[in-house]
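Look at the chain below from one end to the other.

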Amino acid sequence: MELLDLNWEDVLHRHVLSHLSMADLFHLRAVSTGCRALVHSYFSNLLELNVSAHCDQLTQDAFKVIATNTSSLQTFIGDNCGFLEDNLLKVLFMNNPKLKVVHLQSCKHLTPASLQPLILNCKGLRVLNLRGCPWLTAGCLQTFALHQSNLEEVHFESCLSLNDACLEHFFSSFSKMQVVQFAHLHSVTDRTLFALAKYCKNLKNLDISNCSQISDQGLTALAKCPNLQYLRISYCSGVRSGTTTELSTRFDRVQIEDKRPPPPPGWCIKWMPRNPGWVFHRKQMVQA
């Protein structure tokens, strides 16, 4: 009996190929026509693909082989993969309509066109991580809102093209939303928080750290989200320090993270009510 005579799915896929590195899989694929068919069948049955763990091993040609032969993926993680380009992702998204989780954090060489097959073809999408993707546009979010309805978790940190108008329209289409993270967006104001409070009643986790235009008024509106469990407002310069205590009293079960930047030596932090925000002042000036 030879290796390929064993049951592929129940024995080889589960107990052999699943323990091989990506490099080893491609080495095995090169052994013979039969081994090539074995590896391709293994790819076709994969439910999860994490290429971010193999960035140093994969080339564009190797990824194209994977994208062409997968058809059952539910989770794809491609964080920090500099080799990913639009044409490669389009093949993957077209061949895997069952995708539920997609992570493309810090993939800076893509364009909104890479997401078109995902939006149109993967109607069961639940989690979308586009943190640190400057190419994400308002028009892209509008297309998501038009064709998708099941998103529950989104990560838009440092996607600097986004603003209140596009986020309000986006969240109005996703009543199931539970986790929202859009830290470091200085163009976002309380208007987006009002939209979250209005449309996303199931919200559990919200990270708006370092959003300088957010104020106490917007945070107060989140009281309309009864399931909120975790709120991160660190380095939000428009939020008073006492707000954390007030929110803790109002939101009994919410864990609030509110870190403040430490002042330089010889300086202290002072709240400026006429020009909201925390600013640094020399200690002697404040005492005077």
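Nine strands form an open sheet in the order S1-S2-S3-S4-S5-S6-S7-S8-S9, with parallel pairing. Two strands count as paired if DSSP finds at least two bridges between them. Strands of a sheet pair through backbone hydrogen bonds, either parallel or antiparallel. Strand S1 (48–50) and strand S9 (255–257) are the edge strands, and each pairs on one side only. On average, neighbouring strands of this sheet are turned by 5° against each other, direction ignored. Leu231 has Ile256 in S9 as its bridge partner.

This is a predicted model, in which local features need pLDDT of at least 70 and side-chain atom pairs count only at pLDDT 80 or more, while totals for chains, interfaces and linings use all residues. Residues are numbered from 1 along each chain as its sequence is written, and side-chain values use heavy atoms, with hydrogens and water left out.

The protein chain has twelve helices and eleven strands; these are DSSP runs numbered from the N terminus, helices being H or I with at least four residues and strands E with at least two. Its C-alpha atoms fill a box of roughly 90 × 40 × 35 Å along the principal axes. Of the 288 residues, 44% are buried (under 20% relative accessible area, with a 1.4 Å probe and protein chains only). Among contacts (heavy atoms within 4.5 Å) between residues at least 6 apart in sequence, 69% join residues at least 24 apart.

UniProt, in an unreviewed entry, places the feature "domain: F-box" at residues 10–41; such annotations may be inferred rather than shown by experiment. This span is 72% helix and 0% strand, and its end C-alpha atoms lie 12 Å apart.

How do two of the helices meet? Helix H3 (residues 33–45) and helix H4 (residues 60–69) pack at an angle of about 65°, with their axes 8 Å apart. Axes are lines fitted to C-alpha atoms over the stretch in contact, and angles run from 0 to 180 degrees between N-to-C directions. His40, Phe43 and Ser44 in H3 meet Val65, Ile66 and Asn69 in H4. The residues of this contact divide into three nonpolar, three polar and no charged.

Finally, Asp190 is found in helix H9 (residues 190–199). Asp190 counts as buried because its relative accessible area is 10%. Leaving out residues up to four places away in sequence, Asp190 touches Gln213, Ile214, Ser215, Gln217 and Gly218. Asp190 and Leu219 are 29 residues apart in sequence, and their C-alpha atoms are 7.7 Å apart in space.

Note on methods
Nonpolar A, V, L, I, M, F, W, Y, C, P; charged D, E, K, R; others polar. Buried < 20%, exposed > 50% of the residue type's maximum accessible area, 1.4 Å probe, protein only.
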